[in-house]
Amino acid sequence: MIAIGCDHAGFKLKSEILSYLDKKKISYRDFGAYSDDSCHFPFFASLVATAVQKNECERGILICGTGIGMSIAANKFKGIRAALCMDEYQARMAKRHNNANILVLAGRITPKEKAQDIIDIWLNENYLEGKYETRNQLIRRIEEGGSMSGTNYKDMAFVFDHPLIQHKISIMRDKNTNTKEFRELVKEVSTLMGYEVTRELPLEDIEVETPIAKTTVKVLSGKNVGFVPILRAGLGMVDGLLTLIPTAKIGHIGLYRDHDTLEPVEYYCKLPEDAHERMIILLDPMLATGGSASAAIGFLKQRGVKNIKLMSIIAAPEGIEKVHKDHPDVNIYCACVDKELNTNAYIVPGLGDAGDRLFGTK
């Protein structure tokens, strides 16, 4: 189903498009406006964008005088890719390259016949994934509040540069920070990162009664999330995330890096029975070569887990590249991307061995 909306300047073209959709037997939901009386376009952009965002409608069409205002307003909504198309070529590229889920038309510029051709192409073109999906993931990275500063644009990682996170990591890096302080800082940084990593958890409506009145509110929906630390350093991140979601289930993956081959070796893996129904956040404070993280993601997939996110505090470009190459469907979240790995595969400048610093070992 298509959600369609307009303002007063797009009302005439919208009426013509509705007749065309009826003729083509294409189902739609009309969100207004319902006349050419002067009105404010952001209201109708919001209605259509929300319907698409919530999957109440598969796609949307918005129309205003130039199409510019509707495009700006609709693209403020997370997950919306609204494309203003003035001709058939733009319509084709909007779907092929950008997988646009809202088509925007210019009611005072685009003739009825041209609008119909644009709609036909946009509805029937196929999205070409590959490199275009990488680019669209970069857009989602911006939506998540991640920064691209300090990383190669090809590195598919959400980098959180919040001042509190950066301040705490600076203390973690200091070799004079003791075990107790280091452990507390890992917990605090994990909590701060967790707010963004869990942003896409599904919600459902329930009714509650406040001291004033009954109202509909949103709560987490269904079986939501599980945390899987890579032993042993990943354990230090668990408590910080449990602060946010204390009901989350926890699995464990035990890996160690062979000091000669630098390859990951599995020695333990136990997951919740319903892990395949949950969003699993894989935890490893240091993403160095990426070998262990990539292997752990592979183990999760072998056990039927499909929705996986990798959360690390500090990453090296080599590790990001490795994980993204092996598992391009897995989003990587980190707080810092450091310069490189040294000859011993430690992150530079890094913070040393996170496991040793967490547990006071060497």
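Guide: Let us begin with one residue. Asn99 is partly exposed, with a relative accessible area of 22%; buried means under 20%, exposed over 50%, and partly exposed in between (1.4 Å probe, protein chains only). This is a predicted model, in which local features need pLDDT of at least 70 and side-chain atom pairs pLDDT 80 or more, while totals for chains, interfaces and linings use all residues. Residues are numbered from 1 along each chain as its sequence is written, and side-chain values use heavy atoms, with hydrogens and water left out.

Visitor: What is the phi of Asn99, and where is Asn99 found?

Guide: Most residues other than glycine have a negative phi, and most peptide bonds are trans. Asn99 has a positive phi of about 50 degrees, although it is not a glycine. It sits in the loop between helix 4 and strand 5; helices (H or I, at least four residues) and strands (E, at least two) are DSSP runs numbered from the N terminus. Asn55, likewise not a glycine, has a positive phi of about 60 degrees. Its loop lies between helix 2 and strand 3, and Asn55 is exposed, with a relative accessible area of 68%.

Visitor: Which peptide bonds are cis?

Guide: One of them joins Gly32 and Ala33, with omega about 0 degrees; Ala33 belongs to the loop between strand 2 and helix 2 (41–53). Another runs from Leu231 to Arg232, with omega near 5 degrees, and Arg232 is in the loop between strand 9 (225–231) and helix 9 (235–244).

Visitor: Is Asn101 buried or exposed?

Guide: Asn101 is buried, with a relative accessible area of 10%, and is placed in the loop between helix 4 (88–96) and strand 5 (102–106). Its side chain makes polar contacts (pairs of N or O atoms within 3.5 Å; within protein, one must be able to donate a hydrogen and the other to accept it, and residues adjacent in sequence count only if both atoms are side-chain atoms). The side chain reaches the backbone oxygen of Gly79 at 3.0 Å, and a polar atom of that side chain lies 2.8 Å from the backbone nitrogen of Arg81. Leaving aside residues up to four places away in sequence, Asn101 touches several others, among them Val52, Arg59 and Trp122; contact means heavy atoms within 4.5 Å.

Visitor: Which strands pair with strand 1?

Guide: Two strands pair if DSSP finds at least two bridges between them. Strand 1 pairs in the parallel sense with strand 3 (residues 59–64) over 5 bridges, where Cys6 has Ile63 as its bridge partner. It also runs parallel to strand 2 (residues 28–30), with 3 bridges; there Ile4 is partnered by Asp30. From strand 1 the chain passes through helix 1 (residues 11–23) to strand 2 in a right-handed β-α-β crossover (with the strands pointing away from the viewer, the path from the first strand over the helix to the second runs clockwise).

Visitor: In what order do the strands of the open sheet of 3 strands stand?

Guide: The order is 14-16-18, with parallel pairing. Strand 14 (286–287) and strand 18 (336–337) are at the edges, each with a single partner strand, so one side of each has no neighbour in the sheet. Strand 14 is joined to strand 16 (residues 314–315) by 2 bridges, and Met286 stands opposite Ile314.

Visitor: What do the buried residues of helix 5 pack against?

Guide: An α-helix has 3.6 residues a turn, so residues three or four places apart point the same way. The buried residues of helix 5 include Ala115, Ile118, Ile119 and Trp122. They pack against strand 1, helix 1, strand 3, helix 4 and strand 5. In helix 4, Ala91, Met93, Ala94 and Lys95 are buried, and their cover includes strand 3, strand 4 (82–84) and helix 5 (112–124). At the start of helix 4, a side-chain oxygen of Asp87 comes to within 3.2 Å of the backbone nitrogen of Tyr89.

Visitor: How many helices and strands does the protein chain have?

Guide: It has 12 helices and 20 strands, and 49% of its 362 residues are buried.
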